[in-house]
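Okay, thanks for coming, everyone.

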Number of protein chains: 2
Amino acid sequence: MNKQRGILAIISGFSGAGKGTLVKEIFSTYAENYSLSISATTRQPREGEVDGVQYFFMDKPVFEQKIQENQFLEYAQYVDNYYGTPKDFVFDKLDQGISVILEIEMQGALKVKEQYPETVLIFVTPPTAEELEARLRGRGTETDEVIASRLARAAEEVVYMDKYDYVVLNEDGKVAECAAKVHHIIETEKKRTMYSGQLINELTEGLARYKKGE
Amino acid sequence: MNKQRGILAIISGFSGAGKGTLVKEIFSTYAENYSLSISATTRQPREGEVDGVQYFFMDKPVFEQKIQENQFLEYAQYVDNYYGTPKDFVFDKLDQGISVILEIEMQGALKVKEQYPETVLIFVTPPTAEELEARLRGRGTETDEVIASRLARAAEEVVYMDKYDYVVLNEDGKVAECAAKVHHIIETEKKRTMYSGQLINELTEGLARYKKGE
């Protein structure tokens, strides 16, 4: 058998759901299975940032050319800069049998799924609205106004939940458990019949000689 | 939140794929999560068999009445006797949050899936036709003729594989690993968005008060 192709998984969730910590936990605990995707951006590199490590840095005309050529899985514009996920980087990893986890917002996630239906959409959420608010307040770094605007956004975003393939609870202090759940989802997706074409062909050929009357 | 409903999973595979050993391993390792389904049958109880333990024993007219009333998930006739899976027993377990694993053949499995699309179909197979033959021979209990007829049946049954949701390899001497894979598939299925309706409703309600302008 050939090497199993990697899975493209997208993790989304409300601001305050703990996506960043979760993704770090997955990459550190299951390092050999996953690759982070490296985004392309038109913003200037900051002190110490290296092209191809934190980001692929590129000029606006280059980025716009790549948009034209459909070279991004998804992209978005924030303030004056573009951010995007280069397809070739992601697909190279998948071909190598490495799964790629993207942490992107819901509209981008649904667009990727539309284009690549085998993408696995995972929605990560605290168990209750109260806990989401408590976490945002607990950070202690944001003004009431910012917290209110994040909660207002969550109230809008909740309508996207049922478009996701899986909903995973990220409970307080249980990030390792949540990471294990996501890892098992991705390992399980690899066992979907659509990835067993070669095995089925080999078994069909191997069994043919046992057929009666042949 | 209410208790998560159990998952109805069906395990099928060629004769010699190791389904029986696998199912035993799952039930002993993850005992608290699963219930075996108890079949109904019209055959006579053997010495020591107890009604409601090994089987629900019933007379033919009773069984046929239950067929009419659509009380079986699936049933089949072997030689002169009926065997069937009573719906109420299975659904009671699922309602209690206990997953039920049925070990049934492919045509029955597909009929259950047609009626209950949330059923998870898992096809268990050795990696190659050669290994299947070696296992059947290795049992040392069957005549060449019986082995030939089982392999001939496998050659027919292989066409059902791609109707299954998952294909799981059961490699020699790795039954614990195979049981863990099946368990993770079932745990993962519980995280499918369709089972999160209540959570989504609660979050939607809980977040509503944060909406802007409300």
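**Helices, interface, hairpin**

Let's start in chain B, where L132(B), E133(B), L136(B) and R137(B) from helix 5 of chain B meet I147(B), R150(B), L151(B) and A154(B) from helix 6 of chain B. Sort the residues of that contact by class and you get 5 nonpolar, no polar and 3 charged. Before I go on, keep in mind that this is a predicted model.

So how do these two helices sit against each other? Helix 5 of chain B covers residues 129-138 and helix 6 of chain B covers residues 144-157, and they pack at an angle of about 150°, with their axes 10 Å apart. An angle over 145 degrees counts as roughly antiparallel, so that's what we call helix 5 of chain B and helix 6 of chain B. As for handedness, helix 5 of chain B passes helix 6 of chain B in a right-handed crossing.

Okay, on to the two chains. Here 36 residues of chain B are in contact with 36 residues of chain A. Which elements of chain B give two or more residues to the side that touches chain A? Those are helix 5, helix 6, strand 9 (166-169), helix 7 (175-189) and helix 8 (197-208) of chain B. Helix 8 of chain B brings the largest share, with 8 residues. By class, that side of chain B has 18 nonpolar, 8 polar and 10 charged residues.

Last stop, some strands in chain A. Strand 5 of chain A, residues 72-78, pairs with strand 6 of chain A in the antiparallel sense over 5 bridges. One spot to look at there: A76(A) stands opposite Y83(A) in strand 6 of chain A. These two strands form a hairpin with 2 residues between them, and V79(A) in the turn has a positive phi of about 50°.

Strand 6 of chain A, residues 81-86, also pairs with strand 3 of chain A, residues 39-41, in the antiparallel sense over 2 bridges. There, A40(A) has G84(A) in strand 6 of chain A as its bridge partner.

That's it from me.

Terms used
Residues are numbered from 1 along each chain as its sequence is written. Chains are lettered from A and ligands numbered from 1 in the order in which they are written. This is a predicted model: local features need pLDDT of at least 70, side-chain atom pairs count only at pLDDT 80 or more; totals for chains, interfaces and linings use all residues. Axes are lines fitted to C-alpha atoms, for helices over the stretch in contact, and angles run from 0 to 180 degrees between N-to-C directions. Helices (H or I, at least four residues) and strands (E, at least two) are DSSP runs, numbered from the N terminus. Angles under 35 degrees count as roughly parallel, over 145 as roughly antiparallel, 65 to 115 as roughly perpendicular and the rest as oblique. A crossing is left-handed if the near helix is turned anticlockwise from the far one by less than a right angle, and right-handed if clockwise. Two residues are in contact if their C-beta atoms, placed from the backbone, lie within 7 Å. Ala, Val, Leu, Ile, Met, Phe, Trp, Tyr, Cys and Pro count as nonpolar, Asp, Glu, Lys and Arg as charged, and the others, Gly among them, as polar. Two strands pair if DSSP finds at least two bridges between them.
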